[in-house]
Amino acid sequence: MTTPLTRTAAWQALSAHASSMGATQMKDLFAAQPERFQRFSRSAADILFDFSKNRINDKTLQLLLQLYEEADVAGAKNRMLAGEAINFTENRAVLHMALRAGGKRSYQFGGKEILPDVHQVLEQMARFVAAIHHGERRGFNGKKLTHFVNIGIGGSDLGPHMVCQALKPYAKEGCHVDFVSNVDSSHLVEILKNCRADETLFIVSSKTFTTQETMTNAHSARRWLVAALGSDAAVANHFVAVSTNAQGVAAFGIDTANMFEFWDWVGGRFSLWSAIGLPIALYLGMAQFRELLAGAEAMDEHFITTPAADNLPVILALLGIWYSAFFAARGYAILPYDQYLNRFSAYLQQAEMESNGKQTDYEGQTISDYPTAPIIWGEPGTNGQHAFYQMLHQGTQIIPIDFIATARSHNPLGDHHAILTANVLAQSEALMAGRSLSEAAEQLRQRGYSEDEISRLAPHRVMPGNRPSNTLFIPQLTPRTLGSLIALYEHKIFVQGVIWRINSFDQWGVELGKELAQVILPELQPGNANNPHDASTLGLIAYYRQLQR
């Protein structure tokens, strides 16, 4: 059996070092090291990564890199690139980097080069998108299709939805996109209220074409369309599928020529680069979709070729482990200061927590002596400042933060963007420096408060500071920079999973609830026999039945 992670030399050294760093004040580190920003910042793929506002010094980084080396992350990366089944619980390769590879690098699976298949699907997408945009492919009544509704869930929804929202300034003129994921009928009904059936194209995204939520929404959308256009034949004009189940697609009424393939070596939460990204291409155009891929490929090349000490995903991953393992940080905030990134934190919730929210290691042993994925959350600034930043500044928990900022706005208006930028920079500085009791007292004194009032009020205005944050700065939110940003976090997730000795690419925890839902569903109808359940579930089923009468 391999040495437990917490008993490795690097982990033991980091644990001892963390004790010595516990009382270290970041503002003192800056005072002692004027070149700290240059020392603890890196750039790649149009992203400036400033990690100087962390409770680290040169020794911290050295020990974290030793942890990286002892975990053999480089070996795991090579196995991933070679197409080995690193998703060992499902016996699948993990090759989503091949989806954005322009041909500089070879990707093989089962001894076969897979880039020709990838590029074939991209060309199929390009032809289809061009036919829609040029009006060569039209709706059942001859109308141009301009409203695209994606029906999917999880990775078939969150990634494309986030990208379309983030890149709204690049949308094709006259095109609209919506996303239906929740099986709650209100989600679909509210979106359909804004759709004209003769101008709407539905994209049903489900690898198996059996996902309950997706197929329930798809069949309801189908009934709505047929009722509006008066013929089952309309389905072929207004529905396409991203799937591998040709039989199921055909039975639904979709021409299998309009079925877009992806592969088992593409995990759902890493799939927006595949045909799952069809709604992105329809909304933005294929040229912009290819720019998104190019940005991701640039970050891939950086991750593959750059030494760990200068590697953005590696450093980002190691800093996250530093705080979760040695400072008991159980949360991690992603705070983008760009309104177009308002779905980015939600996207990363799935990407990180579904990937690394695991408690079983490679050897099947329960992990009990170190934490894995933290709780990922966040909202765009400056809204969050008037919501949860109070806790970030004065709460009892340490929450590491990634601030994401853009130098240029797509909508320059007066001094809006300067104010936005001033806020993100001020927040990172305030979290680092804080405010001492003497500083709070002096501020009140200058405002004319009495000494009694100062004694009473000053403690409430103390900010402990020393709260860690990274700042990721990009020139502007474009398809290329967004692609780089997403890939950065994908690789961060991989590095952390390897160090934590977990499989980042399965999601068995998602399956249990689905299985039980299939058991409970028929029991919601009157007269059906009950399977064994706990008293709470039985009581809730009975209450639901009562309210349905």
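The model is a predicted one, in which local features need pLDDT of at least 70 and side-chain atom pairs count only at pLDDT 80 or more, whereas totals for chains, interfaces and linings use all residues. Residues are numbered from 1 along each chain as its sequence is written, and side-chain values use heavy atoms, with hydrogens and water left out. Helices (H or I, at least four residues) and strands (E, at least two) are DSSP runs numbered from the N terminus.

At its N-terminal end α4 is capped by Asn-57, a side-chain oxygen of which lies 3.0 Å from the backbone nitrogen of Lys-59. A polar contact is here a pair of N or O atoms within 3.5 Å; within protein, one atom must be able to donate a hydrogen and the other to accept it, and residues adjacent in sequence count only if both atoms are side-chain atoms. Just after α4, Asp-72 adopts a positive phi of about 55°. The 13 residues of α4 should span 18 Å at 1.5 Å a residue, and this agrees with the separation of its end C-alpha atoms, which are 18 Å apart; the expected span is 1.5 Å times one less than the number of residues in the helix. For helix α13 (residues 286-305), the 20 residues should span 28 Å at 1.5 Å a residue, and the end C-alpha atoms, 28 Å apart, agree with this. Because 14 of its 20 residues are buried, α13 is largely enclosed by the rest of the structure.

Pockets were identified on a 1 Å grid over the protein atoms alone, a pocket being an open set of points with protein on both sides within 12 Å along at least five of seven lines, whereas a cavity is a set of points where a 1.4 Å probe fits but cannot get out; lining residues have an atom within 4 Å of a point. Grid points are joined across faces, edges and corners, and a volume is the space filled by probe spheres set on the points. The largest pocket has a volume of about 1,200 Å³ and a lining of 42 residues, of which Ile-153, Thr-211, Val-510, Glu-511 and Lys-514 lie nearest its centre. Two or more residues of this lining come from each of α9 (212-229), α15 (344-356) and α21 (508-523), with α21 giving the largest share, eight residues. By class, the lining of the largest pocket comprises 16 nonpolar, 17 polar and nine charged residues, where Ala, Val, Leu, Ile, Met, Phe, Trp, Tyr, Cys and Pro count as nonpolar, Asp, Glu, Lys and Arg as charged, and the others, Gly among them, as polar.

The second largest pocket holds about 720 Å³ of space and is lined by 35 residues, with Thr-2, Asp-361, Tyr-362, Val-498 and Arg-501 nearest its centre. The elements giving two or more residues to the lining of this second largest pocket are α4 (58-70), α5 (73-81) and α20 (479-500); the largest share, four residues, comes from α20. Its lining divides into 17 nonpolar, nine polar and nine charged residues.

Within strand β12 (residues 401-406), Thr-406 counts as buried at 3% relative accessibility. The side chain of Thr-406 makes a polar contact with that of Asp-338 at 3.4 Å, and, leaving aside neighbours within four places in sequence, the residues in contact with Thr-406 include Tyr-337, His-417, Thr-421 and Phe-473. Thr-244, in the loop between β8 (239-242) and α11 (246-252), is partly exposed, with a relative accessible area of 42%. A polar atom of the Thr-244 side chain lies 2.9 Å from the backbone oxygen of Lys-207.

Among the backbone features, the peptide bond from Gly-381 to Thr-382 is cis, with omega near 15°, and Thr-382 lies in the loop between β11 (375-377) and α16 (389-394). Asp-46, in the loop between β1 and β2 (47-50), has a positive phi of about 70° although it is not a glycine, and counts as partly exposed at 44% relative accessibility. Asn-466, in the loop between α19 (451-457) and β13 (469-474), likewise has a positive phi, near 60°, but is buried, with a relative accessible area of 4%.

Technical notes
Buried < 20%, exposed > 50% of the residue type's maximum accessible area, 1.4 Å probe, protein only. Contact = heavy atoms within 4.5 Å.
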